[in-house]
Number of protein chains: 2
Amino acid sequence: MSGWLVIAGLGPGDEALVTPEVTNAVAEATDIVGYIPYVARIPARPGLVLHPSDNRVELDRARHALQMAAEGRRVVVVSSGDPGVFAMASAVFEALEDAPLWQELDIRVLPGITAMLAAAARAGAPLGHDFCAINLSDNLKPWAVIETRLRLAAQADFAMAFYNPRSASRPEGFTRVLEILREECAPERMITFARAVSTPEERLQTVTLAEARPEMADMRTMVIVGNSATRRVGRWVYTPRRA
Amino acid sequence: MSGWLVIAGLGPGDEALVTPEVTNAVAEATDIVGYIPYVARIPARPGLVLHPSDNRVELDRARHALQMAAEGRRVVVVSSGDPGVFAMASAVFEALEDAPLWQELDIRVLPGITAMLAAAARAGAPLGHDFCAINLSDNLKPWAVIETRLRLAAQADFAMAFYNPRSASRPEGFTRVLEILREECAPERMITFARAVSTPEERLQTVTLAEARPEMADMRTMVIVGNSATRRVGRWVYTPRRA
């Protein structure tokens, strides 16, 4: 049997948010590759080899997965959320650039419920109109790019979803993000902090920009900033369709 | 038994992309409410009442669903894709604004695979770095807002996903969108036209901005514009993580 590579999204945590397409791919796999906590979500079974690896080795992990698929294995690279949103799909295609032979492999990307959509659903509909998604980690891009993008996004009046808002090693970045938002947006702007949505550690908090504090976010938090029309109704927050 | 309202995303079309959470809600429902083609995706069964309605009556539909939940029915409002992305969730919360009693109801939003993520997965990973989602329909917002948002998004170097790019009644809007992109971006910019992804009518085409023509899109097409670093590798298109 010839090998294949699937890059699959496991959704935000709850197994009821994993698509049947992904469940089926995992059931047919011989090898699971990914960051330790995501591989830990896959139940062990005879004939399935788990290959957990640490954070920040995405390219090595991608090459390993491609190599195994080239050897005839059926490999699933697992990401949390959606694999195409700040996750493993781009790393796999990056690894393919230098490897024309691997480009002939059977490779599929299977979408998943990305964190911002799970968080938005829990809060109401804060991404109900035009919005953007920004990775606030400056591991792979200069801070100046983040700042420019934030200001333009605010000026465009996008609702915004922030991934990786605040790392333990560099918490000052998110402090600066709130400062920039306060320069560009009114103090009443709605911000939702959604931590570990769909897991037992889930915690949801919606405040105004004036009330927002950096400590409300950590690396497991999705931050959603409304647009200028985003408002509360009952216990929810939503963005009207006409904005 | 007391009533409830679930606003659920059915994903882009393939049943293998419907989450178990949504499947379970539909199985428990007494009533399904939604736009005709989405309700048509729900199999009939004894005890389940289907309430299909036409396009552009979202608020009436939302009120009807809330009314039934208030009467003790178990109601699922179905959207294609994700209900929080240019779909029914915002309309339901809008309907709640004038109805404080309905705000006490058991209401949940269940996320789904939105069209841009299904399309991106099929194409590779064109949304692999910071990106935005814009509804190009000008039913509910002035054209000037769309134009300003587009220019700022291009200047921020977001990858962009366009929903509802080109209606049969006003096809000239998308012609203008391509003109604006040509003013703001280089002619080599990658654009993917992804029609009816995950259905039998799926068709995928990636071209440069110079090659793009308005007729490549219709209302069933998701248009994904890469950022300045988006490129081809093999038969895929992807956006690198460092951009």
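This is a predicted model: local features need pLDDT of at least 70, side-chain atom pairs count only at pLDDT 80 or more; totals for chains, interfaces and linings use all residues.
Chain A contains an open sheet of five strands, which pair in parallel and follow the order 3-2-4-1-5. In general, strands of a sheet are paired through hydrogen bonds of the backbone, in a parallel or an antiparallel manner. The edges of the sheet in chain A are formed by strand 3 (49-53) and strand 5 (107-110), each of which pairs on one side only. From one strand to the next, the twist averages 15°. Within the sheet, strand 2 (residues 31-35) and strand 4 (residues 74-79) of chain A run parallel and are joined by four bridges. A:Val33 has A:Val77 of strand 4 of chain A as its bridge partner. Helix 4 (residues 88-97) of chain A packs on this sheet and touches strand 1 (4-9), strand 4 and strand 5 of chain A. The direction of helix 4 makes about 150° with that of strand 1 of chain A.

When neighbours within four places in sequence are left aside, the residues in contact with A:Phe162 include A:Ile134, A:Leu136, A:Leu150, A:Phe174, A:Val177 and A:Leu181. Also in contact with A:Phe162 are A:Thr221, A:Met222, A:Val223 and A:Val225.

Over all chains, the structure holds zero disulfides. A:Cys132 is in no disulfide, and the nearest cysteine sulfur, that of B:Cys132, is 6.9 Å away. The cut-off for a disulfide is a pair of cysteine sulfur atoms within 2.5 Å. A:Cys132 counts as buried because its relative accessibility is 0%. For B:Cys185, the closest cysteine sulfur is that of B:Cys132, at 11 Å, which is too far for a bond. B:Cys185 also counts as buried, since its relative accessibility is 8%.

As a general rule, phi is negative in most residues other than glycine. In A:Asp157, however, phi is positive, with a value near 60°. This residue, A:Asp157, is placed in the loop between helix 6 (143-155) and strand 8 (159-163) of chain A. With a relative accessible area of 17%, A:Asp157 is buried, the cut-off for this class being under 20%. In chain B, phi of B:Asp157 is likewise positive and near 60°. The loop that holds B:Asp157 runs between helix 6 (143-155) and strand 8 (159-163) of chain B. B:Asp157 counts as buried because its relative accessibility is 17%.

Methods: Residues are numbered from 1 along each chain as its sequence is written. Chains are lettered from A and ligands numbered from 1 in the order in which they are written. Side-chain values use heavy atoms; hydrogens and water are left out. Contact means heavy atoms within 4.5 Å. Two strands pair if DSSP finds at least two bridges between them. Helices (H or I, at least four residues) and strands (E, at least two) are DSSP runs, numbered from the N terminus. Axes are lines fitted to C-alpha atoms, for helices over the stretch in contact, and angles run from 0 to 180 degrees between N-to-C directions. Buried means under 20% relative accessible area, exposed over 50%, partly exposed in between (1.4 Å probe, protein chains only).
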